[in-house]
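Hi,

Here is the model I promised to pass on.

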Amino acid sequence: MKNSVFTSLCFLCLVLVLSGCSVDNDVSQFKLNPNQSNIDLGLRGQMAGSGATSQKNSIDAWKLGYNAYYPNISVAYDPKGSGGGRKDIISGASIFAASDKLLSDEEIKLSKSVCGSNGVIQIPTYISKIEIIFNLDNIKSLSLDNKTITAIFSGKITNWSDSLIKLQNPQINLPNKLITVVRRSDDSGTNDTLTSFFSKTDESLWQWGETSSWPSSIASLSQGAQGTAGVVIVSSLGDGTISYADSAQVGTLGVVAMDNPIMQISYMLACSHYNDIIAGQFVKSWLGYIISKSGQELSHNVSNSMVLNDSQTNQAKKDIDSITIGKENV
Amino acid sequence: MSKIGIFNWHRLFKTDKFYLLVCASSLFVLIILFAITVFLLFSAMPALESSQTGLLGISWYKSSEANNILDFCLPLVFSTILSSLLALVIALPVSIGVALFITFYAPPKLAAIASWVIDILASIPSIVYGLWGIFVLCPFLNVFTGNLISSPPRVLFTLSIVLAVMIIPIITSIIRDIYTGTPHLDIEAAYGLGATKWEMIRLSVLPYGAQGAMSAAMLGLGRALGETMAVLIILSPGRSYSFNIFGVSSHQTIAGNIAAQFPEANSLGVSLLTVTGLVLFIITFLVNWAAKKIAKSGVANV
Amino acid sequence: MSKISSFRVNLLSKNGLKSKVLFKNIKNNRLSKFIKPSSRVISRQRRQFDNFMKVLIFLSFIIVSIPLVSIIYIVVANGLTQITPYFLTHTMKGVMGGFSPFGGILHALVGTILITLGAMVISIPIGILTAIYLVEYAKGNKLSSIVNTLVDIMSGVPSIVAGLFAYSLFALFFGPTAVFGISGSLALSVLMIPTIIRSTQEMLNLVPNQLREASYGLGVSKFRTIIKVVLPTAFSGIVTGVLLSIARVIGETAPLLLTAGSIDSLNLNLFSGRMMSLPVYIYNEYSQGLAVCTNNIFGADCLSDIRMQRAWSAALVLFIFIIILNLVGTTIKKRILKKRGK
């Protein structure tokens, strides 16, 4: 019996190896490269990136779009959070990274030993809204002003039936339920954007400034979850939860209607110099695709992100062109 | 003959190569364990040697507001031990009950089913327990705790229940084997004195199996201490010495912390995590050693 | 003994037995007049308590069964949806969000098999040889007692610590970005070795000494005795031990998260690049959450909860693997133990 299991396993492996690409998924239906022939340029390999969870949805689409031109590159993206992405590009663990927050001076200094004497280049690739989301009975939308939102996340307002919320939503039947705040537990650029919004709204309510890690003094007033996907999952599981996430990934949760939406610019990080020729060529073509018209339109279509304007695109093109590869003089 | 150290070198050279091979293999086990300790210590050195300012470069260390490494590790140790002890308190009575059920109370078919239940529970991977915990247990508990604590109740209490379910099979299978081996004479003696079934168990079985049960409990405790995936998925992490097992974001275990922070950790960060890993290793070692000690002393008393 | 005598006092005081009975220590085989406890003798209080404990004990069985039924139900009910031949023969390469084609677990299956094979290659020789040493060669000498203690220590190593160890070993030689399948194999082998040693020891101890003595009596050397007589006799038991240890490590997620990483496509090389494994796949799919289906510009099928479906299906596949390994292992083991008259 054991012999036959072994031989059938060998046979399976043989079949797989011989059949080659029949294990990959056929994505020709997406027609992402309709009029141009494949470019390929001999680029092949496994390219690893990591970072922000906010861009995840667009990155998934970009991977497909990019593969339509370069089918032999396998892009692996690990959505571990902006902090993790920055750490990875500095240490050389990732070839490219995504972050909602720019590198600090200290981080740029550290990156110079791995990424070339100009350190890390940061290109805006994804401009999107941060929505305040909630899960409360079947309510699809609530009106809350900035101060109320800040008060809720600061732990000052603890029940959905609070008079301040009722005042702004007179026609909605608000139940007497505890507000469960769900926040990002990782080192998140979205936290940065949000906390800076809180600080600007009311510093007396939100006393903890702009920070990537949720302040530990009020940590026990809220639940933590890993990544954009994590807060969405936990918010969906709970009743009376309120959280925040990139607008592309909110799913069916209720969304707070705000006068001025919280905008977030998310960046792609790359080294200014790559010793590995293939890695350098990959990054240049990858970033080039992302900021191109087709890349930005694709992102807009799947994630509702804002397309980069002309000046942003031109600056990005300049930055990408400045990447040096291999033994070229830096 | 000439004995140097633990080997009889004279005999060694005269003997066949297979003996050398198996000796070498045993030595290799020694070496592996030695290597584990050495590599972990080596990896932990940078963090142990680093000053507070150096450590503050790690973003999650900074936001933990710890004053030194000890201050950083202690809340983790506290939560780890608290969650595991609570899991043990829940699991031990149930395990003893199931073991008694299988050995004394159940008709043969039901006993077979019960053994089968325990075996399958032991096979379930911890990731599945984690998923079950958050998708089934949390909403279930939410019905009762709804407006009182955070929703969903991703707190230490829920985690301890899942941990308890995880360690029940381990404890039960050991205790069941012990109870099956209760001397028949003791059982008959109790019945002969007019004991009811429960009194017989209380008289003959429980004292006989007490030491073994304690040893099994320690082994289960060791398992609960090292659990990672269930913690990662279920528990909302925090740092405090709170005994409030229903308080959200108040606890984080060592293993859960390592798994959660590892993706974001730079080399100093990994080093700090290895320090906590070593602490966990020491705690689990002490618990397992205690289990062995208790088991051995029990055997000696018979 | 004091318990029996105190019981006797309780019995007398609670029941007020009318007949005189000698409550002698039956263990010492002294003559004693036995009384058959008739139901009249046992007081209502004692009987009620006995029934109460009976209910509690039955209840504990129910308490244990509820999570099991719940877990099996949720894994099977949610997992069956995606288990298709396509799911088992395709990777996740090219899969975009919640859109069809929905991808599969081939790369995770192959990765799990390869990593476990690697762990087996490391731990089986060491485990079996060490067990042979402990049983056949060393009779209580210093090395064997040290090794015995160390095996116990090793069996208590938490899985995440084993992962940290493998990671730090490879990081020392290959830098902090070292991610390989073999690193995961090393971590798993740390968990497998103690289990294999213990179970092989148990099986070797079960081989009757007469076999060994007979072999020595025929003039066969120790080495050949072990290879030709003892091992073949204990063979099925050893295989069982290996199966059970595989079942134990195949579901380990934490060490593989740290060491082997995750990747969308098939990787057949243990020594280069990341390798996906089933448990890491499950965690990955779970942590990526809901897929976005609101902007369906492709017109393809889109399922927003596809990731959870894939996670449950992968969990079901993993579960079936482990159950089969455990069932085969334990049934053979029980048969062996029965044969050897244990």
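**What I found**

Chain A has 11 helices and 12 strands; both are DSSP runs numbered from the N terminus, with helices being H or I of at least four residues and strands being E of at least two. This is a predicted model, in which local features need pLDDT of at least 70 and side-chain atom pairs count only at pLDDT 80 or more, while totals for chains, interfaces and linings use all residues. Residues are numbered from 1 along each chain as its sequence is written, chains are lettered from A and ligands numbered from 1 in the order in which they are written, and side-chain values use heavy atoms, leaving out hydrogens and water.

Of the 330 residues in chain A, 58% are buried (under 20% relative accessible area, with a 1.4 Å probe and protein chains only).

Strand E4 of chain A, residues 120-135, is the one I would look at with you. It is largely enclosed by the rest of the structure, because 15 of its 16 residues are buried.

Which strands pair with E4(A) in the antiparallel sense? Strand E10 (residues 262-271) of chain A does so over 10 bridges, and strand E8 (residues 241-246) of chain A over 6 bridges; pairing here takes at least two bridges found by DSSP between two strands. Strand E9 (residues 254-257) of chain A also runs antiparallel to E4(A), joined by 2 bridges.

A:Phe134 has A:Ile242 in E8(A) as its bridge partner, and A:Ile133 faces A:Val255 in E9(A).

Best wishes

Conventions: Buried < 20%, exposed > 50% of the residue type's maximum accessible area, 1.4 Å probe, protein only.
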